Amino acid sequence: MKRVDVAAAVLRRSDGSVLLGQRAEGTFYPGYWEFPGGKVEPGETPAQALVRELAEELEIAVAPEDVLPWVVRKHAYAHAHVRLHFFRIGRWSGEPRARVHAALAWVKPPQQTVAPMLPANGPVWKFLALSPRMLVSGVAAMLESGESLAAALERQEAALVRARALGPALVQVREPAALAEALVRRLRPHLGPEDLLVLNGEVDAARALGTGLHLSQRRLESLSRRPELPWAGASVHEASALRRAEALGLDYAVVGPVRPTRSHPGAAALGWQGFREIARDAAIPVYAIGGLGPEDLEDARRAGAHGVAAIRAWWD
Ligand SMILES: Nc1nc2c([nH]c(=O)n2[C@H]2C[C@H](O)[C@@H](COP(=O)(O)OP(=O)(O)OP(=O)(O)O)O2)c(=O)[nH]1
């Protein structure tokens with residue numbers, strides 16, 4: 001079977017909408033919607049191919065440093081096995097024009113207002129609903145340092161309100177069961193349809209609370225199937241665990257620690273280079289964690305991250 005490398009762009013405007021193109025008559029899968037891009041030519045890197053394709057297909061110019069690696073998906077079509085290198089681009093010059101597509105549309109995830117999408121793109125569209133900001137809760141740690149439950153919940157609530165001022169949030173509740181429930185009850189009134197809660201705990205508890213699920217690397221390694229919940233992700237510390245999260249079809253992974261942290265003092269920090277090596281060619285979005293805050297988002301994206309997960313940065 002022929003193997004083809006393809007580079008595709010998630011061009012995102014500041015309102016969150018993403019550009020899709022409809023494939024023209026006379027091509028493979030005519031009428032289907034895709035992310036702009038095309039085949040990688042011999043001698044090109046996928047990022048170089050994308051800059052060329054975007055100039056040819058849309059007449060826009062993108063600087064190489066604005067082409068940010070995101071996820072790599074494999075798909076077996078009847079005509080070829082494709083490896084799709086998706087990049088995120090938030091800055092370009094020129095107004096996109098349909099030079100090869102039948103139509104162009106700006107669509108705001110998660111609503112998919114155009115259809116059908118190319119078969120390989122379903123999971124990718126789902127990933128676009130994930131916020132770049134994950135807040136990891138810390139109520140148990142606050143109680144350990146002598147704070148009252150009321151004060152700890154109050155701080156978590158205030159942290160969520162601050163984070164949401166920047167856009168939708170993904171909240172990971174990482175607490176013993178009784179605290180988790182109290183925290184979910186406290187945070188939920190602040191959440192809108194674009195926010196997402198995941199429980200670091202048991203599948204049944206997540207189902208009962210109506211949240212997604214976050215797995216530790218140890219729990220990830222004990223599973224042979226994806227938990228049946230709409231959203232599920234995992235923390236991983238090495239590439240082999242990331243491969244497992246991908247194989248189970250999880251929606252995201254969290255990789256770290258990037259910097260030394262107070263919550264995991266013994267763990268060796270990866271640094272951005274170590275993070276980059278683990279996250280390279282990941283099939284699912286990867287959050288960077290470990291001594292990071294919202295101000296690290298730009299560096300994280302350059303290293304291939306979907307976003308930043310933070311604990312203390314939000315509530316300190
Ligand atoms: N550009 C793009 N291609 C995608 C996406 N999803 C997806 O499965 N693909 C597949 C479809 C094609 O097999 C391949 C893209 O190839 P292409 O558009 O350069 O070329 P093509 O097969 O239509 O035609 P040609 O260049 O051989 O004339 O990747 C996507 O979102 N964007």
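Predicted model: local features only at pLDDT ≥ 70, side-chain atom pairs only at ≥ 80, totals over all residues.

Reader: In which sense do β12 and β13 pair, and over how many bridges?

Author: The two strands pair in the parallel sense, over 4 bridges. Within this pairing, valine 236 stands opposite valine 255 in β13.

Reader: What does β13 form with helix α9 and β14?

Author: Together with helix α9 (residues 271-279) and β14, strand β13 makes a right-handed β-α-β unit. Strand β14 (residues 286-289) runs parallel to β13, and 3 bridges join them. Here the bridge partner of alanine 253 is valine 286 in β14.

Reader: Which way do the residues of β13 point, and are they buried or exposed?

Author: From strand β13 (residues 252-255), Tyr252 and Val254 point one way, while Ala253 and Val255 point the other way; all are buried.

Reader: Which residues does valine 255 touch, leaving aside those up to four places away in sequence?

Author: Valine 255 touches Val236, Leu242, Phe275, Ile278, Ala279, Val286 and Ala288.

Reader: Which residues of the largest nonpolar core touch the most other members?

Author: That core has 90 residues, and those touching the most other members are Phe87, Leu135, Ala253, Val255, Tyr287 and Ala288. Strand β1 (residues 3-11) supplies the largest share, 6 residues. Because domain 1 (3-122) and domain 2 (133-315) both give residues to this core, the core lies between them.

Reader: How many residues does each domain bring to the contact between the two domains, and how far apart are the domain centres?

Author: The centres of domain 1 and domain 2, taken over C-alpha atoms, are separated by 29 Å. The contact takes 6 residues from domain 1 and 9 residues from domain 2. On the side of domain 1 that touches domain 2, the residues divide into 5 nonpolar, no polar and 1 charged.

Reader: In what order do the strands of the open sheet with 3 strands lie?

Author: The order is β3-β2-β7, with antiparallel pairing. Strands β3 (33-34) and β7 (103-107) stand at the edges with a single partner strand each, so one side of each is left without a neighbour in the sheet. Strand β2 (residues 18-22) is joined to β7 by 5 bridges, and leucine 19 stands opposite tryptophan 106 in β7.

Notes. Residues numbered from 1 in each chain as written. Core = buried A, V, L, I, M, F, W, Y, C linked by C-beta atoms within 7 Å. Buried ≥ 20, exposed ≤ 12 C-beta atoms within 10 Å, placed from the backbone. Domains from an automatic or database assignment. Contact = placed C-beta atoms within 7 Å. Pairing = 2+ DSSP bridges. Right-handed = clockwise from strand over helix to strand, strands pointing away. Nonpolar A, V, L, I, M, F, W, Y, C, P; charged D, E, K, R; others polar.
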